[in-house]
Amino acid sequence: DSIEKGGYPHFMLKEIFEQPRSILDSMRGRLELEASHLNMGGIRAYEQKFVNAQRIIIVACGTSWHAGLVAEYLIEDLARIPVEVEYASEFRYRNPIITERDIVIAISQSGETADTLAAIELAKSKGATIFGICNVVGSSIARATDAGAYTHAGPEIGVASTKAFTAQVTVLTLLAMIMGQKRGTLTDTKLRELMVELDTIPAKVTKALELDTEIRAIAEIFKDASNFLYLGRGYNFPVALEGALKLKEISYIHAEGYPAAEMKHGPIALIDENMPMVVIATRDSSYEKVVSNIQEVKARKGRIIAVVSEGDKVIPAMAEFVIEVPHTSEVLMPLVSVIPLQLLSYHIAVLRGCNVDQPRNLAKSVTVE
Ligand code: G6P
């Protein structure tokens with residue numbers, strides 16, 4: 001058992017620490033920096049379909065659905081194709097409008113999730129092209145799709161998904177870049193810039209992992225909280241959802257993720273001196289707006305744990321705790337900003353004595369409805 005865990009106390013921690021490697025594995029052969037070339041075998045036969053797609057519909061569940069939300073930002077931003085992200089369980093039962101010019105992207109770590117599989121079958125029957133992003137080779141979803149790309153994250157044992165998420169986001173980033181290139185919505189300069197930056201992500205994730213001890217100390221302080229709010233905007237909004245889900249899954253603390261500006265339409269009523277708020281406030285196009293959201297929380301005495309870009313001078317004066325992550329392009333930030341949130345939930349769960357790798361009532365893959 002301890003050999004399988006590679007010396008880590010839990011699979012989840014091992015998998016969190018594997019991410020520099022698993023992200024690299026997901027890019028291998030796809031990002032060729034020297035040749036300035038992007039390559040994804042799976043889309044080759046369907047390239048024209050992707051270029052001419054009138055819409056992309058993403059179907060997934062759980063953490064994979066959060067990766068889908070990141071992809072919505074990526075694909076609309078870089079390739080200018082409208083994207084809808086659907087819970088597979090809702091999509092399959094709501095008589096959705098699907099045409100032959102739609103591309104459905106199904107995202108699944110296990111490739112066995114029953115609702116995602118059923119959503120694929122439905123979309124197929126309406127003539128859509130189905131592209132799968134799976135981690136498990138030869139899985140049911142990988143076989144049911146027309147084409148796809150594997151994430152190459154390696155086996156994920158911990159029920160709470162970590163390295164599979166960052167691998168999915170990596171593959172979706174590459175896909176959005178390729179589509180942007182083929183559709184001419186990304187300039188060569190911008191594309192090159194993103195390629196160079198993507199290449200630095202494994203090293204930046206390694207750096208973010210060095211925050212482990214610091215984050216454990218924060219976990220000690222908040223381990224007995226009964227609620228948590230996670231806020232983010234733009235690319236960091238899905239990261240807020242994922243951070244909250246990680247905490248719920250393994251520590252059984254109630255947590256909600258929210259788009260920071262939407263807070264004033266409800267969650268703000270919950271804020272008092274007992275409410276920990278994790279705010280993802282890295283330097284990007286919504287930075288100034290998030291800073292005002294932090295001020296609103298502070299005015300109501302909420303306890304702020306902020307995830308910021310290295311060197312931030314403004315937020316440390318406002319937040320009780322600051323976690324500095326390496327800076328990267330806004331488009332790639334989820335790959336870095338999610339790391340401290342994974343570690344925070346891991347340490348809180350361990351300190352609460354929870355079964356981190358096999359949380360109660362949850363299954364690694366949900367093969368029934
Ligand atoms: C279960 C797992 C989650 C996972 C979700 C979707 O709920 O516990 O970690 O995100 O299923 O699974 P999939 O294998 O389709 O990504």
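Select A106 and, opposite it in β6, G132. Strand β6 (residues 129-134) runs parallel to β5 (residues 102-108), and 6 bridges join the two; strands (E, at least two residues) and helices (H or I, at least four) are DSSP runs, numbered from the N terminus. The model is predicted: local features need pLDDT of at least 70, side-chain atom pairs count only at pLDDT 80 or more, and totals for chains, interfaces and linings use all residues. Residues are numbered from 1 along each chain as its sequence is written.

Next, display the whole open sheet, whose 5 strands pair in parallel in the order β4-β3-β5-β6-β7; pairing requires at least two DSSP bridges between two strands. At the edges, β4 (83-87) and β7 (147-150) each pair on one side only.

Contact here means C-beta atoms, placed from the backbone, within 7 Å.

Move to the ligand, where α4 supplies the largest share of the shell, 3 residues. Of the 16 residues around the ligand, G62, T63, S108, S110 and T113 come nearest (C-beta atom, placed from the backbone, within 6 Å).

Finally, select α2 (residues 19-27) and α8 (residues 163-183), whose axes come within 9 Å and cross at roughly 30 degrees. The two helices are therefore roughly parallel, a term for angles under 35 degrees. Among the contact residues are I23 of α2 and V171 of α8.

Key
Axes fitted to C-alpha atoms, helices over the stretch in contact; angles between N-to-C directions. Parallel < 35°, antiparallel > 145°, perpendicular 65-115°, else oblique. Contact = placed C-beta atoms within 7 Å.
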